[in-house]
Amino acid sequence: MTDLVQLLLSGMATGAIYALAALGFTLLWQASGTINFAQGEFVMLPAFMMLAFNTMGLPLLVSFAFTCAIAVLVLGWGFKRGIADPLLRFGMMPVVVATLGLSIAIRNGVRAGYSAEAHPFPSLFGDTLIRVAGVTVTSGDIGTLLAALLLVLGTQAWLSRTVTGRAMQAVAQNTESATVLGINVPRMVFYTFAINAVLACAAALLVTPTYLAKFDMGEGLATKAFFAAIIGGFNNSRGALLGGIIVGVSENLAAHYVSAAYKDAVALVIFMLVILFKPQGLLGQKIERKV
Amino acid sequence: QATIKIASLQELSGTGATVGTNFKNGMDLAIKEINAAGGILGKKIEVTHYDTQSNPGVAKGLAQKAVDDDVLAVFGPGFSGSMIVSMNETRRAKIPNFTGAEAASITTQGNPYVYRTSFGQATSMPKVARYIAQNLKAKTVAVIYVNNDFGKGGSDMVTKSLADLGVKVVANISTDPGKLDFAAPVLQAKQSNADVIFVYTNEEEAARALRELRKQGVNKPIVGETVLTSQKVIELAGDAANGAVAHIGLSVDAPVPSMRAFRAKFERDYHYIPDHNGIKGYTGVYIMKAALEKAGKIDRAALAKAMKGLTISAAKEPGVLMDVSFDDKGDIDRESFLVEVKNGKQEVKAVLPALGSKKGG
Amino acid sequence: MDDTCIEFDNVLAGYGDFMILNNLSFKARRGKITLLLGPNGAGKSTVLKTLFGLLKVRQGRIRLDGQDITGAGAKELLVQHGVAFVPQGRNLFGQLTVWENLELGGITLGMKTTHARIPEVLELFPRVKERLHSRASALSGGEQKQLEVGRALLLRPKVILIDEPSIGLSPLVVADVFRLLRRLADEGTTVLMVEQNVKSALKMADEAIALESGRLVLQKPAGDLLSDPNIERLFLGGAHAGAAQPA
Amino acid sequence: MKKSTLFLLALGLLLLAVPPFLKNYGIYLLSTWLVYVIANMGLNLTVGYAGQKSLGHAAFFGIGAYTVAILMQHGISFWIGLPVAVLGCFLIGLALGFPALRVQTIYLAFATLGFNTAVWLVLRNEESLTGGTFGINNIGRPELFGLSLEGSLAYYYFVLGVTVLLSALMWKLLASPWGKAFTALRDNPIRAESLGIRIQAYTLLSFAFGAVYAGIAGALFASLVQFIEPAPFAVGTSFMMYLMVVVGGPGYFFGPLLGSAVGVLLPEWLRFAQAWYLFVFGSAVVLLMLWLPDGLLSIPDRVRARRLAREASAARAASAAAVGVQA
Amino acid sequence: MTAPVLKVSDLKKSYGAIHAVAGVSFEVLPGEIFGVIGPNGSGKTTMFNSVLGQITPDAGRIELNGQDITRLSPVELNQRGVGRTFQTLQVFGKMSVRDNLIVAAQEHQGSMFGRMFAPGDSGLGARADALIDQFRIRHVADKKAGELSYGQQKLVDIAMAFMSEPDLVLLDEPCAGVNPSLVGGISTLLKELNKTRKGSFVVIEHNMDFVMDLCHRILVMVEGKVMALGTPAEIRSNKQVLDAYLGA
Ligand SMILES: Nc1ncnc2c1ncn2[C@@H]1O[C@H](COP(=O)(O)OP(=O)(O)OP(=O)(O)O)[C@@H](O)[C@H]1O
Ligand SMILES: Nc1ncnc2c1ncn2[C@@H]1O[C@H](COP(=O)(O)OP(=O)(O)OP(=O)(O)O)[C@@H](O)[C@H]1O
Ligand SMILES: [Mg+2]
Ligand SMILES: [Mg+2]
């Protein structure tokens, strides 16, 4: 029983990490109708930036603040001007491929220009072990889980409760109509990417202690985040959290109770079942077609 | 020819990037030194590094390119899969091929042109097994390994070596490359109640495994091979690394002055502490130098011939860092170390003599 | 100052390299309903899109109340000049609810004003009111059009550009909408409307402009045109169809 | 039409005449390029023509490669292995089409990605069959009419021949009503359905045919590299294939030719950039997309569209001049 | 009495609490032009889509020439000679107008396997050209359909429905956005086809001139139910219909 609880708790902590990465996907999907295949690198880059500030002697949270500012400029504004503005109107394919190219460039740029090594990263919540009734969790695990919850709910609320959030969604659904209504389309698109950049920084701050700062950390992160986002529901930010936790927990349970070699397959099976029978995801809303 | 042209095929991107980059940097350091000191037999070394992208298909093409370029020798690749493909090309062209790849099958094919610059698993695992069986007096072992050719090969080999010594592997736990959460593998190892836990993964995963082992309060001996106690893992795992023991073929923390000096030079040039792959690359070039000097001419056939049964003493050629010798298959032999992590530092518990010099250890 | 509200002065505009409006010039008067007529593909919708800043003007000028607005963007026109545009086809946010669509329609007004005005608009379109919390994509074709018209009226525009509002609306609703536009015009709003429902549109309009191949072919008071014996030939039989549209 | 025929002839001649003057590496690269051309032709059918977002193409590449490799390992000829691979890919491709009947766009992309991961897991874990992470070594090359294709040049010509043959077949297919049906399916499936186009059948077949091309390419790849392991058939390769198709021009017949060159040859040309070459490659892909969002092969289309637009403009201006103003 | 081509009995379709179609029954006779009118949101399009297999009705039975076709897929219906248009524009935007027309009928030429080897235009070029002329879209025949004006696309859409020479065609607001001169043309065309090929048509339309002139019988739907069914003259004088739909 304690074993099960241990696995569940551990899985939830890992799941929270996946959820943080998945959150960016769901945001971009809802608010710009795109998928950013460089999202993993959008987490990796701030991780290195923070590390750099941190090694320069700045406290972690100050490093985080600086990094956010730079990320909003580079990953937010730069991405909007450089990729979203020119390509969004051509549909999904060019954006997908441009972000694929971008991920190759960022990943290998960091590798060639900085380091191919993994670097340890300080944890915001420390690494204190907490033992309760035979089950051990770390303060980092709990902190990550709570932070993920907070960010997910915040993003969700922003999108669905505020008019700006809705305007962002409107732009994604029908840019021309949004223009006609006087919605400042470029600004909404910028908000979307700026928020995404900040989310990526937050994710970097929280996941890197576990993931370690490494040029290819984004690759694995992105794959898990895709799974999480699909399972939870791509058009729903809360889905990211649920999906992440399902992936994290099911991996652990599968590794323990099924064959370890096929442990990935369990998350995969859930993923496939969800896609086929509830493509909108567990929490997503169904999109009906109208003819 | 005015220079000695060599090609280096390394995993510079993709999953093997850390390995390949270390090897490359090690090579570059050695070449810089050698060239500064006048080269080999008066000729400078000219190296071209190629990125295999950790992909055997690319490695094969690059090996052909090296052959097309008529190089004297090829270094790498370090991934066993890539090496198995590319060594066919170098063999056909009779080009000596130095590699850091560890898979046993590389030197069992009777290819006279391959030479390892470090132990293969066939050499190292028996040493680890002997330590587990004889020093730790363990009866059962749980193996946590990474599910790629490196990890799977090692796990197979250690299982066999342990069985030879009457030790049983009671849990064989595979983990994926890049795995984050070691809760399940560690729990499984714990539940197997094995006397020893043997961890055989890449650096980052090793660090995570150590952390999780500490988190779940495992107090069984934790043993590894090379990676587990490497500088990187200690850096990444922090306190959790304390107490881990590993057999290390090459270590920058070996109690050998030449090794310390190498570490200092490497750190000066590249601003980080090399792992064993850095040493493999560095010594590999010096091994070639020694062999060429023994042959007395810059010639592929002569190099290959000189490599047969070559023994190099560190006193004569300090660049090899430690005395090494090669057998006819291309496998290397030299002293190795048993290392334990104490207070975040590697401490050598024992120096294991080269296989060739004396049995046992 | 004369009562010219909208003025196209030798405008050349189109899609990419395909010029649709060929040096088009016309004027529409303030507080009047000007009807834009012409065969399919004549460039009527293009006129409205160009005016609203959605297409680039290559040559010529567009003026609004004497002010040059060539090149002005949609938002500027909407906020500073009080121009609203109801395009042809479907222009809703299908995944959002009817209410949310209305809210977004008033985004340039601020939410307080918008929320105050929404009930007024809903009174005009009871059908839409009933579906207030449905997703817009679930509405019938005509209901969607009503919502679109309502969304534009929310802005209480000074100038309203409306592209074939009758598409999909049932006769009673068409009559309602036309009556509504008439009332707005009488209160001072300038209406520039494209319609294929020529007969009923002419009855409520002040002036008619006819386009063909992006050129002005006729500008007349609507009443004159309605009583013109040539109207049948012009718009119901397709007199000029010859050049652009071989029969 | 004439210009493109001329271009093709020139390209064909080049591909026939140049390789004997190349060294092994060049020949190997060209062979690899052709292998990817075949695979991407298949993906272009699925993605470019039929509009089905597939991120699982590498799975079929792997199935083809492993089928032939495993059979050859057991002493069965390449020439038996190849049809088995084709049949296998066709059937599995059909099966993968079924998700596409339920979901579209990104959901389909992720379903196929999941399929790719599943195949990769099997390749890696079923060691007794696939050699697991150790892969399969010493895969032979086939003989053709008693001619050995062991040499790299011979094998190159063999791959070239297969490429030409498969291109011709694809050309024929796309020129037939099927081509239009695929395009209709991509443009507007709802309308297509109402016109009696069996969108289910065409969806499934677009996957199946695409898979067959990938399978053949995989078989050729196995014999080319003579060693296979699971890594080249993981999701990353599917991404790369998708990238190649889109960069080349999805829905353009010769798109895969150029796209594969970008994916396979360009990184090699960029090696002069040393450690930075993949950075340069990634950036180049981004810039290419920004310049030509519809792919390299959209250039002629763009030029033609421009010309047509100008002509239409002129015609419109003329007819406008003909209508007089009445006031 | 002749057997009906299309027989719809007690068709129902609800979305939650909204009863979009609440029990509709009618018959369309061979060679008949059958009008369907009703206020916005009265369920006309939903009824169409239920009959045509686009959406699954909750209840009811649909027969084509005496055969049950309830829940058949749109493809099967088309193969049985039922053509249609949609209320929203539904053309193949990236294909030329001519290809739009050809693809609209090619699935009726030979077998699926046979088409794999057939010429690209399936021998339908002449038929497509005839329709292009009839709908006066010759000057845009080679343009991409997505780049046409609304009305032009509508014309292409309608022409597509006729390409496969169907026996029964259901048109959802064919005249919306079409220039009056061409509305007359469509009217003439329908009458012609109706005479020469004995084709039957069901037309949803808000253009009363068109409907009253063209249709033999008219069904009036209100709130998902049938309010009236009769000849144009009867409908025009129906007090209820006047109040609910036509206005004075
Ligand atoms: N998918 C759906 N979900 C919920 N409600 C729907 C859906 N589709 C249609 N409705 C509702 O059903 C009713 C009938 O719609 P339908 O489209 O059939 O009307 P219609 O008679 O064609 O109207 P119009 O003349 O405006 O086109 C409408 O009130 C609409 O809101
Ligand atoms: N996006 C586009 N790209 C290229 N050409 C276009 C585009 N939209 C419209 N056109 C062309 O511009 C011309 C005029 O179109 P416009 O939509 O202005 O016509 P319209 O007068 O509104 O016709 P309708 O009555 O059919 O709505 C048409 O010939 C059409 O083919
Ligand atoms: Mg128009
Ligand atoms: Mg309708």
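Me: Which atoms count as donors of a metal, and which residues coordinate the magnesium ion (ligand 3)?
Reply: Donors are N, O and S atoms within 2.8 Å of the metal, and because water is not among the atoms, sites may look incomplete. This is a predicted model, and in it the coordinating atoms lie at 1.9 to 2.1 Å from the magnesium ion (ligand 3). They are OG and OE1, and they belong to Ser45(C) and Gln88(C) respectively.

Me: How many residues apart in sequence are the parts that Ser45(C) and Gln88(C) tie together?
Reply: Both Ser45(C) and Gln88(C) are buried. Ser45(C) belongs to helix H1 of chain C, whereas Gln88(C) sits in the loop between strand S6 (83-86) and helix H3 (98-105) of that chain, so the pair ties together parts whose separation in sequence is 43 residues.

Me: Between which chains does ligand 2 lie, and what percentage of its area does the protein bury?
Reply: The shell around ligand 2 has 22 residues, the closest being Lys44(C), Ser45(C), Thr46(C), Ser149(E) and Gly151(E), and the ligand lies between chains C, D and E. Oxygen atoms of ligand 2 come within 2.4 Å of a side-chain N or O atom of Thr46(C), and a side-chain N or O atom of Gln196(C) is 3.0 Å from an oxygen atom of the ligand. Taken alone, ligand 2 exposes 640 Å², and the share of this that the protein buries is 90%.

Me: Why is the site of ligand 1 shared between chains, and how much of the ligand's area does the protein cover?
Reply: The site is shared because the residues that surround ligand 1 come from chains A, C and E. Among the polar contacts, a side-chain atom of Asn40(E) lies 2.9 Å from an oxygen atom of ligand 1, and a polar backbone atom of Gly41(E) is 2.8 Å from an oxygen atom of the ligand. Of the 640 Å² of accessible area that ligand 1 has on its own, the protein covers 95%.

Me: Which residues of helix H10 of chain E are buried, and which exposed residues does the face turned away from them carry?
Reply: In helix H10 (residues 239-246) of chain E, the buried residues include Val241(E), Tyr245(E) and Leu246(E). Seen down the axis of H10(E), its buried residues fall within an arc of 65 degrees, so they line one face of the helix. The face turned away from this buried side carries the exposed residues Lys239(E) and Asp243(E).

Definitions and conventions: Residues numbered from 1 in each chain as written. Chains lettered and ligands numbered in written order. Predicted model: local features only at pLDDT ≥ 70, side-chain atom pairs only at ≥ 80, totals over all residues. Heavy atoms only, no water. Near = heavy atom within 4 Å. Polar contact = N/O pair within 3.5 Å; in protein donor to acceptor, adjacent residues only side chain to side chain. Areas by Shrake-Rupley, 256 points an atom, 1.4 Å probe, with all protein chains shown as cover. Donors = N, O, S within 2.8 Å, 3.2 Å for Na, K, Ca; no water. Helix = DSSP H or I, 4+ residues; strand = E, 2+ residues; numbered from the N terminus. Buried < 20%, exposed > 50% of the residue type's maximum accessible area, 1.4 Å probe, protein only. Arc of directions from axis to C-beta.
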